[in-house]
Amino acid sequence: MQASQIEIVPFGPDHLEAAVALSRQAGWPHRTEDWQLALALSDGMVAVEDGRVVGTVLVTPYKGDCATINMVIVDETMRGRGLGRKLMDAALLTAGDRPLRLVATTAGLPLYQKLGFHETGTVLQHQGLAGEIAAPAETEAATDADLPDITALDRRAFGAGREGLLSYFAGIGEFAVTRRHDRISGFACLRPFGRGEVIGPVVAADVGEARKLIEHFIARRPGRFLRVDTTDETGLSPWLADHGLAHVGGGITMKKPLAHDTADPTATTFALASQALG
């Protein structure tokens with residue numbers, strides 16, 4: 001059967017179990033809870049053939065500022081039939097007139113380039129059992145009262161309002177902050193994900209401050225499975241490996257921009273890769 005005969009339908013609760021199975025087939029660590037988080041924040045679509053889910057895609061909108069495309073998965077038995085393009089066409093239609101971002105695998109890169117996305121960088125995924133590390137004196141646990149300032153700082157770094165995402169993370173995880181002149185200058189989030197927990201997003205004034213924020217959580221999780229996504233430019237990769245979080249892969253960050261994509265290119269930010277957000 002050709003991909004043109006496959007139906008693209010809205011992602012419903014009855015598709016969840018099949019989506020988890022597809023992500024496991026792809027070698028991704030997403031639990032049912034991780035899919036539920038992503039669906040709570042996204043518009044999802046699935047490809048269905050004869051009642052069987054054979055593909056997924058999620059579009060996470062951040063108001064009118066931008067949207068991320070996540071969880072583009074095609075069943076391994078269906079590859080090479082144009083299904084990835086069909087899922088992306090549905091995602092682009094759902095996203096509407098927004099700048100778009102995604103994290104690509106090497107295999108998916110040619111398709112995204114044909115659709116007008118261009119490369120902006122590389123994500124380095126680090127994970128493993130956290131080593132022993134001293135807790136930094138410069139960080140502190142965030143309170144509920146800090147969330148508006150965290151959200152404002154994230155908007156400047158990410159270029160879009162992610163209030164819903166950060167509020168959700170606050171409900172299932174925890175935040176740490178740094179302060180300068182009695183104002184929040186950086187933050188990091190720790191939340192459950194996959195095999196353990198993920199540290200991110202992290203937003204800071206400079207790489208040194210970002211490292212302190214990551215240290216805040218590593219120090220509190222010795223021997224626990226943690227994941228951190230970073231980039232080559234930060235220089236943090238060797239340091240993370242030294243503390244038990246080995247480099248295990250990553251992806252290619254891509255954008256399909258419009259004039260109103262307002263991310264601050266001077267900000268030091270370690271936003272979650274699409275694989276982690278789901």
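The protein chain has a mean pLDDT of 91, and 91% of its residues reach 70 or more. The model is a predicted one, and one stretch calls for caution: over residues 270–276 the pLDDT is below 50, although this stretch has 32 contacts in the model beyond near neighbours in sequence. Where pLDDT is low, the predicted coordinates should not be read in detail.

Two helix pairs may be considered in turn. Two packed helices are described by the angle between their axes and the distance between the axes. In the pair formed by helix α1 (residues 16–25) and helix α2 (residues 32–41), the axes come within 10 Å and cross at roughly 115°. Angles of 65 to 115 degrees count as roughly perpendicular, and α1 and α2 are therefore roughly perpendicular to each other. Their crossing is right-handed. On the α1 side, the contact is made by L16, A19, V20 and S23, which meet T32, W35, Q36 and L39 of α2.

The residues of the contact of α5 with α6 divide into four nonpolar, two polar and two charged.

Attention now turns to individual residues in the loops. H15 is found in the loop between β1 (7–10) and α1. With a relative accessible area of 11%, H15 is buried, because a value under 20% counts as such. Leaving aside residues up to four places away in sequence, H15 touches V9, P10, V46 and V53.

Two further loop residues have a positive phi. K63, in the loop between β3 (52–62) and β4 (66–74), has a phi near 50°, a positive value in a residue other than glycine. K63 is exposed, at a relative accessible area of 52%. H181 is not a glycine either, yet its phi is positive, at about 55°. This residue, H181, lies in the loop between β8 (174–180) and β9 (183–193) and is exposed, with a relative accessible area of 79%.

The peptide bond from G200 to P201 is cis, with omega near 5°, and P201 belongs to strand β10 (residues 196–204).

How values were computed
Residues numbered from 1 in each chain as written. Predicted model: local features only at pLDDT ≥ 70, side-chain atom pairs only at ≥ 80, totals over all residues. Heavy atoms only, no water. Axes fitted to C-alpha atoms, helices over the stretch in contact; angles between N-to-C directions. Helix = DSSP H or I, 4+ residues; strand = E, 2+ residues; numbered from the N terminus. Parallel < 35°, antiparallel > 145°, perpendicular 65-115°, else oblique. Left-handed = near helix turned anticlockwise from the far one by under 90°. Contact = heavy atoms within 4.5 Å. Nonpolar A, V, L, I, M, F, W, Y, C, P; charged D, E, K, R; others polar. pLDDT = per-residue confidence, 0-100. Buried < 20%, exposed > 50% of the residue type's maximum accessible area, 1.4 Å probe, protein only.
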